[in-house]
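Here is a report on a structure with more than one part to explore. Keep the sequence and the 3D view open as you read.

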Amino acid sequence: MKRALTITLIIAWGFATTASTGLPGSQGIASAAPTKAVAPPAHGHNHEGMTWPPQPRGITNVVVHSSVEQEKIDRAIEGARMDRLERKARTHPEANRALGNRSTRITVIDREDKTTGKKATQIVFFSRDNNATVEVEFDNEKIQAVRSIPAREYQPEITDEEIAEAAQLARTHFLNQGLARIADLKAYGILAYKPKGGGFFDTRVLYVSFQQHDDALPEFEALVDLTNQLILKTRQEQ
Amino acid sequence: MFPRTVRSSLLAGALVTSALTLPGLSLAQLSGSVDWNGWRFSYEVSGNYDGLSLKGVEFQGLSFIKKVSFPVMLVFYDNDACGPFSDRLGGNLQPIPWAGNATIGRREFTLNGQQWYEIGIRDQVGTYDMYQVYYLSSDGILDAHIYSKGLVCVVDHVHYPHWRIDFDINDPGNDQIQLKTSTGYTTELYEFDANATEALDHGWRVRDSVTGNYVDVLPGFTDFTIPDETTAPITSYANNTVFGRLFKESEDTGWTYGARPVPYNNGESIGNDDIVFWYKGYLPHRADEGSTLWHSTGLRLVVSGNPSPPPPSGGTTQTFTNTTAISIPDHGSGSPYPSSINVAGMPGTISKVVVTLNGLSHTFPDDIDILLVDPNGQSVMLMSDAGGEFGVDNVTLTFDSAASASLPDSGQISSGTYLPTNYYDNESDWFSAPAPGEPYGSSLSVFNQTSPNGSWQLFLNDDAQADFGSIADGWALTITTN
């Protein structure tokens, strides 16, 4: 199974070496079909005096309304609630079975029905043991339902812990290849999708890239299967 | 998720730690509200990973958007050399320097004599560094914009930012999506996917067929002074796509579709209904431009047509009723239990609540306890242990915190307006589930400053044997919002 998956990916995932061979794009995608990146004519970009994120030039009478203190309070309250919901989910027999021994808490989603006003809350996990997204639904913090969605149908966003784990696997792989430079580079992670059709992988797969700093160019990249702890593909920028 | 600074302690080795110094704040669920120069809305970064959303958007008293969000930025690389990726914002917020390092940047400013309000978030997905922002002008413009920089791999690619706008002009129903033609505006009758330039001059419009109020959906700003070189030129809007959909609760779930196109086109009728407008932008990035070039695109909403005048200072008042009779047994819970009223579509927050019981009859009113619970679970005891042994027949009781009198403790109750009244508090005054437990509020003002929308519940309990009665014509809830 693992071997077959790896082979498929190597064929489908066109790295730089295959890019020049003119492989077709994702023709199966309708309105989201990739269009070749034809940017406007080359232009300079004068960012002098500007900071990221961008700010309109010449603004006056600026009054900032942001409140970092309020955000701290919101995060503390929300963090406590997420912890509480997670504890309830992990001690619930059905949810516990769905989560298995290797699972990651992803997020909490609050919903309010537009028509009825009825509210519900979901805590979302990804279970590596079962290769499934697990949604535990609460009503007033009492568990109402547990749903498992196969990874190939839907995967939630990745967490910082998953990025770090995938980065460590990839970094070790590159070091074993004798690429010592990887030790000095910063790692970034992003959830990976199947190159043809854009669907979810059957397992938890992350794309990890390494570069010197945020504004540098990527130097090494790897496709990492966290579920099976495998490096599926690597790429070194020229 | 742990903030990145915490997470670093979980991992060993300097190699990994070097990747963990990003100041990302991944915990979401930030929210608040804005009332500025005729604009009113709430905002949130929810656990749904649909970016920064604005909800309940009003301009000068005209409510026109239930929710505008940024569900996804799809990224496709030439020849599938990398990716594809499906960037969902909200999980890794970054501090914004000009906002004192808050993660939701909010400010007002003046530019070329025009006043603007800016609200945005910065998020990092892989090496993509994005700023998703709304700019609102004091004359009724709402610009939704995305800025992006960074290269995940050194290959030409295109970003496709997606905005989802649940237009509810005046109310959820009777909305139409129209496109400009050489002879006027034509209404789209069924769900559709269309090139943005199918409409003459990119002239899309969403209109309420009853009131005639409308909002124009136009290309992103071209008169703003973000440097032009960062912004997609107007010519590239020919690559943008518009999607019209019928609103369904089950489709407001954040983006769960990976790197695939906008779904839900079932060919359903949208000619005069509750509609959702999706907008897909086009943002190309050539590898030779490097990782530091700022790319940007967006769309502009212009509130125009026939905006309603601002509401009077007292705000909006609506009455909701449930005319189903509530029977009162000789002992125990009334039936139905609870009796409910669903409130929907009210803008703003509560400034006043008044409750009326229509046709109350009981042979021993002292037995009656009545509790009102709002959609948030807050409660007020409307009446308890009042009226003694003096039977009432078909009286109408209104409870208003502005009333001057309470119900009598031991005397005849007559029709009229009263303060919520609770005698002998805590003496056998309890309600069985699903009613909330004590403590109960004593003033209807406890509901103030909260959203009125949702299910309001009236729980009735007869706390002594022998006598019975009913509320023959049900009850009414009159809510005033700011």
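Strand 15 (residues 214-219) of chain B and strand 19 of chain B run antiparallel, joined by six bridges. Within this pairing, B:Val217 has B:Leu301 of strand 19 of chain B as its bridge partner. The model is a predicted one.

Strand 19 of chain B also pairs with strand 9 (residues 141-149) of chain B. These two strands run antiparallel as well, with eight bridges between them. Here B:Ala144 stands opposite B:Leu299 of strand 19 of chain B. Is strand 19 of chain B mostly covered or mostly open? Strand 19 spans residues 295-304 of chain B and is mostly covered, with eight of its ten residues buried.

## Confidence in chain A

Chain A has a mean pLDDT of 81. In this chain, 79% of the residues reach 70 or more. Which elements of chain A have the lowest and the highest mean pLDDT? Helix 2 (residues 16-19) of chain A has the lowest, at 27. Helix 4 (residues 93-99) of chain A has the highest, at 97.

The pLDDT is below 50 over residues 1-35 of chain A. That stretch still has 61 contacts in the model beyond near neighbours in sequence. Over residues 37-46 of chain A, pLDDT stays under 50 too. For residues 37-46 of chain A, the model has 20 contacts beyond four places in sequence. Where pLDDT is low, the predicted coordinates should not be read in detail.

## The layout of chain A

How many helices and strands does chain A have? The secondary structure of chain A comes to five helices and nine strands. Along the sequence, the pattern reads α-α-β-α-α-β-β-β-β-α-β-β-β-β.

Chain A has 238 residues, and 36% of them count as buried. Consider the contacts in chain A with a separation of 6 or more: 51% of them join residues 24 or more positions apart.

## Two open sheets in chain A

One open sheet has four strands in the order 2-3-4-5 (chain A), with antiparallel pairing. Strand 2 (103-112) and strand 5 (142-150) of chain A stand at its edges. Each has a single partner strand, so one side of each is left without a neighbour in the sheet. Neighbouring strands of this sheet are turned by 20 degrees against each other on average, direction ignored. Strand 4 (residues 132-139) of chain A is joined to strand 5 of chain A by eight bridges, and the two run antiparallel. A:Glu137 stands opposite A:Ala145 in strand 5 of chain A.

Another open sheet has four strands in the order 6-7-8-9 (chain A), again with antiparallel pairing. Why does one side of strand 6 and of strand 9 of chain A lack a neighbour in the sheet? Strand 6 (186-191) and strand 9 (230-236) of chain A stand at the edges with a single partner strand each, so one side of each has no neighbour there. In this sheet, too, neighbouring strands are turned by 20 degrees against each other on average, direction ignored. Strand 6 of chain A pairs with strand 7 (residues 205-211) of chain A over six bridges, in the antiparallel sense. A:Ala187 has A:Phe210 of strand 7 of chain A as its bridge partner.

## Helix 5 of chain A

Helix 5 of chain A covers residues 160-176, which makes 17 residues. From its first C-alpha to its last, helix 5 of chain A reaches 24 Å, close to the 24 Å expected at 1.5 Å a residue. Its buried residues include A:Ile163, A:Ala166, A:Ala170 and A:Phe174. Just after helix 5 of chain A, A:Gly178 takes a positive phi of about 85 degrees.

## Nonpolar cores

The largest nonpolar core has 129 residues. Among the members that touch the most others are A:Leu206, A:Val224, B:Phe64 and B:Phe277. Strand 4 (residues 62-77) of chain B gives the most to this core, with eleven residues. Apart from it lies another core, of 37 residues, among them B:Ile370 and B:Tyr440. In soluble globular proteins, nonpolar side chains tend to be buried together.

Leaving aside neighbours within four places in sequence, A:Leu206 has contacts that include A:Ile163 and A:Ala166. A:Val224 is among its contacts too.

## A buried serine in a loop

A:Ser66 sits in the loop between strand 1 (60-64) and helix 3 (68-90) of chain A. Why does A:Ser66 count as buried? A:Ser66 is buried because 20 other C-beta atoms lie within 10 Å. Not counting residues up to four places away in sequence, A:Ser66 touches residues of chain B, including B:Ala99, B:Ile104 and B:Arg106.

Notes:
Residues are numbered from 1 along each chain as its sequence is written. Chains are lettered from A and ligands numbered from 1 in the order in which they are written. This is a predicted model: local features need pLDDT of at least 70, side-chain atom pairs count only at pLDDT 80 or more; totals for chains, interfaces and linings use all residues. pLDDT is the predictor's confidence in each residue, from 0 to 100. Two residues are in contact if their C-beta atoms, placed from the backbone, lie within 7 Å. Two strands pair if DSSP finds at least two bridges between them. Axes are lines fitted to C-alpha atoms, for helices over the stretch in contact, and angles run from 0 to 180 degrees between N-to-C directions. A nonpolar core is a set of buried Ala, Val, Leu, Ile, Met, Phe, Trp, Tyr and Cys residues joined through C-beta atoms within 7 Å. A residue is buried if 20 or more other C-beta atoms lie within 10 Å of its own, exposed if 12 or fewer, and partly exposed in between; C-beta atoms are placed from the backbone. The expected span of a helix is 1.5 Å times one less than its number of residues.
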